[in-house]
Each structure stands twice: as C-alpha cells, then as structure tokens.
Amino acid sequence: MANISKIKGGDLELKEKVVTINRVVKTTKGGRAFSFSALVVVGDGNGHVGQGLGKAKEVQEAILKGIDDAKKNLIKVPVMHGTIPHEQWSKEGAAKVLIKPAAHGTGVIAGGSMRAVLEACGITDVLAKSLGSANPHNVVKATVKALATLREPISVAKTRNISLKKVFNG
C-alpha cells in the first residue's frame, strides 16, 4: 500500500458521484425509524480518488456526510496515458476485483460500482472485472485498495536500476 498518503481535499477540484443509497429501517417501540446511508466516491479526474460513507435521517444530509468522509480518505493513483501502469487485483470481504491496463480508445469497461471509482480517478482506458460478491460497499473498497497498491513506473525503474523503457518492454 505504497500510495496511501493523506491528501487535503480542499486543495483539489473534486467531483462527487453517489454510488448507492440504502434506506435503513430500525423498529422501535414507537414504530419504525427510517434513516439513509449513502456510499459516495469523489475524484478530481487527475489521479486522486476517495470513497466515503454517510448516514443520516435525510438523503441529502447522508450524501453530504459521505462526501466529507470521502474527502478525508483521498489517495493518489498513478495514471499513465489514461490507463493504469500494470495489472492489479484486490479483495475486500467476498468481493474480488481485477483491473488491467487497456489500449487508448478502449474506454472504461467495468461494472457499476467499479466504474464510478475508475471514472472519478480519471482513468479513461481500463479493463475491469468484479468477481465474487457484488456488494457495492466491498466492491468500491476493493477497487480503491487495488488502485492504492499500484506502483509508480518511475519508482519501479529506480528500484531495479533500469530505464523506464526497459520496465515496459521487459
């Protein structure tokens, strides 16, 4: 998890995307109490992405809380020419996620929850597959974890003491 460094959300121009909203019902002796939870993804479209969960009595308030939480959990993702530098997979709970780099013009080929994270991050060409559980919370967490564990090509070249071209041509 090399890329997990705290980034201040106030410094960036972030766009929000609501992934899912759940209505939660709590049964009390006075009847049913309704509340909402919102899973939100924020990103600047330039390699920064974060995910957050907000809970409140009103939908709009839950979304705002989710946005604030997502801004606190921003990570930097290495994006090269609109795609990721290498293949990566990750797991969160029963959700497994596989993301692969793609040629320019491919587009974002990914399912709902993963698509929101990848687009918010600014990745334009990627192949992605969600395996196992389709629970949006775990899929989003697994996707963010996979993006956070991506290695910067320049740092890989320095570690191996080889040129950047050799890293890609193997």
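Strand 1 (residues 15–28) pairs with strand 2 in the antiparallel sense over 13 bridges; two strands are taken to pair if DSSP finds at least two bridges between them. The structure is a predicted model, in which local features need pLDDT of at least 70 and side-chain atom pairs count only at pLDDT 80 or more, while totals for chains, interfaces and linings use all residues. Residues are numbered from 1 along each chain as its sequence is written, and side-chain values use heavy atoms, with hydrogens and water left out. Strands (E, at least two residues) and helices (H or I, at least four) are DSSP runs numbered from the N terminus. Strands 1 and 2 form a hairpin with 2 residues between them, and within this pairing Thr20 stands opposite Leu39 of strand 2.

A nonpolar core is defined as a set of buried Ala, Val, Leu, Ile, Met, Phe, Trp, Tyr and Cys residues joined through side-chain atoms within 4.5 Å. Buried denotes under 20% relative accessible area, exposed over 50%, and partly exposed the range in between (1.4 Å probe, protein chains only). The largest nonpolar core contains 27 residues, of which Val49, Ile99, Leu118 and Leu147 touch the most other members. Two or more residues are contributed to this core by each of strand 2 (31–43), strand 6 (95–101), helix 2 (112–121), strand 8 (126–132) and helix 3 (136–148). Helix 3 gives the most, with 7 residues. A second, separate core of 11 residues includes Ala38, Val42, Ile63 and Leu74. In soluble globular proteins, nonpolar side chains tend to be buried together.

Helix 3 is itself mostly covered, 10 of its 13 residues being buried. Among them are His137, Asn138 and Thr143, as well as Val139, Val140 and Leu147. The expected span of a helix is 1.5 Å times one less than its number of residues; the 13 residues of helix 3 should therefore span 18 Å, in agreement with the 18 Å between its end C-alpha atoms. At the start of helix 3, a side-chain oxygen of Asn135 lies within 3.1 Å of the backbone nitrogen of His137.

Most residues other than glycine have a negative phi. His81, which is not a glycine, has a positive phi of about 55°. This residue is placed in the loop between strand 4 (75–76) and strand 5 (88–92), and His81 is exposed, with a relative accessible area of 74%. Asn161 likewise has a positive phi, near 60°. Asn161 is found in the loop between helix 4 (153–160) and helix 5 (164–169) and is exposed, with a relative accessible area of 68%.

Definitions and conventions
Polar contact = N/O pair within 3.5 Å; in protein donor to acceptor, adjacent residues only side chain to side chain.
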